[in-house]
Amino acid sequence: MNEHDAIHELLTLAAAGALDAGEQGRVEEHLRQCEACRTEFAGWLRLTGALKELPTPQAPPRLLEQTRRAMEMRAEAQRAHRTNHFMLGLMLLFAWTATLLNWPLLRLLEGRLTQWLDVSSGQLTAMWVGYILLAWMATALAAGLLGHRRQREGVTA
Amino acid sequence: MGALVETMPEAAVSFESEVTRLRGGDLDAAARLMERYQHRLYRYLLRMVGQPATAEDLFQQTWLRVMEHARRYDPRRPFEGWLFGVAHNAAIDYLRRRQPESLDEPLPSGETRAELAPSSEAGILEQLLAQERAGQLTTAMAELPTAFREVLTLRFEEEMKLEEIALALALPLGTVKTRLHRALKALKRVLEAESGTRITP
């Protein structure tokens, strides 16, 4: 590719103001000597000038208000989501604490309970584990159903 | 002039403070920034998708995403570049859903004559001629592939630097240059083809 062809390929970017100083200098130097490139460059300048002058389509006035409302609704939904997460965490902490506290309580009252229920110590431990598992499963089921319902409400809202 | 120069630093400080408050999730700050960029962002999205109703939807989606990801914005970067990057992603997601095969399919123009507001300073005949020229140019732009329309509108209408375009579109600078070069050539070809069929000598 000779210098003329190389510069010819740079004319679009020169008109777009997208060349570095060195390339721009080369183009300007060539334009001083080459009539054909000057004419071509003038055409590109007219086109880029026309692009800069294109009228700006105006956003409809209601768009700002609509977008603001959408942002408020989204922010409200996110706040509710965060609150739900916090409450869920709190409940989980409470459930674990209650479960762990149950064990020393069981040990403390083991004598009276085995007598009252008329079961052995091993049976009492098995009953306690069963009770805890049942309580956790019931809680998980309730949380799952609640979450599913909220999700459906969110989709249909 | 002096007053203008004096108010400029204040405007810059106020703008930075709005952006800082936006990062903190302040809806009022977001609304003020939205007002500031409304026409430019809408124009960019309209050039991308061609349909005013879709551009409005994407405008909303863009600001919802801005609120959602505001904390991720790096204040050392120009806010405009980041904002147009978010809008770019929203538009590209829409175009991918609509055109899963290719993003380079030509789109019909969504422009109306009413949107091409004439300059109040020009005479009525000049206004009509300017409208006609602008109409031809926007029609020709609408026939270009999305990637070409995007780089043209960011460079010439948004007057963004190539580096800013590269950041907004997450592209290497060289790719932006090549795309700009090809876009201008393609636009010229379309205009020549249109004038050849429409203008009688």
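This is a predicted model: local features need pLDDT of at least 70, side-chain atom pairs count only at pLDDT 80 or more; totals for chains, interfaces and linings use all residues.
Chain A comprises 6 helices and 0 strands, and its elements follow the order α-α-α-α-α-α from the N terminus. Of the 157 residues in chain A, 13% are buried. Among the contacts in chain A between residues at least 6 apart in sequence, 44% link residues at least 24 apart. Chain B likewise has 0 strands, with 8 helices, arranged from the N terminus as α-α-α-α-α-α-α-α. Buried residues account for 32% of the 201 residues of chain B. In chain B, 67% of the contacts with a separation of 6 or more are between residues 24 or more positions apart.

Helix α4 of chain A covers residues 61-108. This helix has 48 residues and spans 72 Å from its first C-alpha to its last, close to the 70 Å expected at 1.5 Å a residue. The number of buried residues among the 48 of α4(A) is 3, so the helix lies largely in the open. The buried residues are Leu63(A), Thr67(A) and Met71(A). The packing partners of these buried residues of α4(A) are α2 and α3 (52-69) of chain B.

The contact between the chains involves 27 residues from chain A and 36 residues from chain B. On the side of chain A that touches chain B, at least two residues each come from α1 (3-15), α3 (35-52) and α4 of chain A. The most is given by α4(A), with 10 residues. By residue class, this side of chain A consists of 17 nonpolar, 6 polar and 4 charged residues.

The largest nonpolar core contains 63 residues, of which Leu45(B), Phe59(B) and Ala87(B) touch the most other members. Helix α2 of chain B (residues 27-49) gives the most to this core, contributing 11 residues. Contacts of Phe59(B), leaving aside neighbours within four places in sequence, fall in both chains. In chain A, Phe59(B) is in contact with Ala59(A), Leu63(A) and Thr67(A). In chain B, the contacts of Phe59(B) are Leu41(B), Tyr42(B) and Leu45(B). Two of the residues contacted by Phe59(B), Leu63(A) and Thr67(A), are among the buried residues of α4(A). Another contact of Phe59(B), Leu45(B), is itself one of the core residues that touch the most other members.

Notes
Residues are numbered from 1 along each chain as its sequence is written. Chains are lettered from A and ligands numbered from 1 in the order in which they are written. A nonpolar core is a set of buried Ala, Val, Leu, Ile, Met, Phe, Trp, Tyr and Cys residues joined through C-beta atoms within 7 Å. A residue is buried if 20 or more other C-beta atoms lie within 10 Å of its own, exposed if 12 or fewer, and partly exposed in between; C-beta atoms are placed from the backbone. Helices (H or I, at least four residues) and strands (E, at least two) are DSSP runs, numbered from the N terminus. Two residues are in contact if their C-beta atoms, placed from the backbone, lie within 7 Å. The expected span of a helix is 1.5 Å times one less than its number of residues. Ala, Val, Leu, Ile, Met, Phe, Trp, Tyr, Cys and Pro count as nonpolar, Asp, Glu, Lys and Arg as charged, and the others, Gly among them, as polar.
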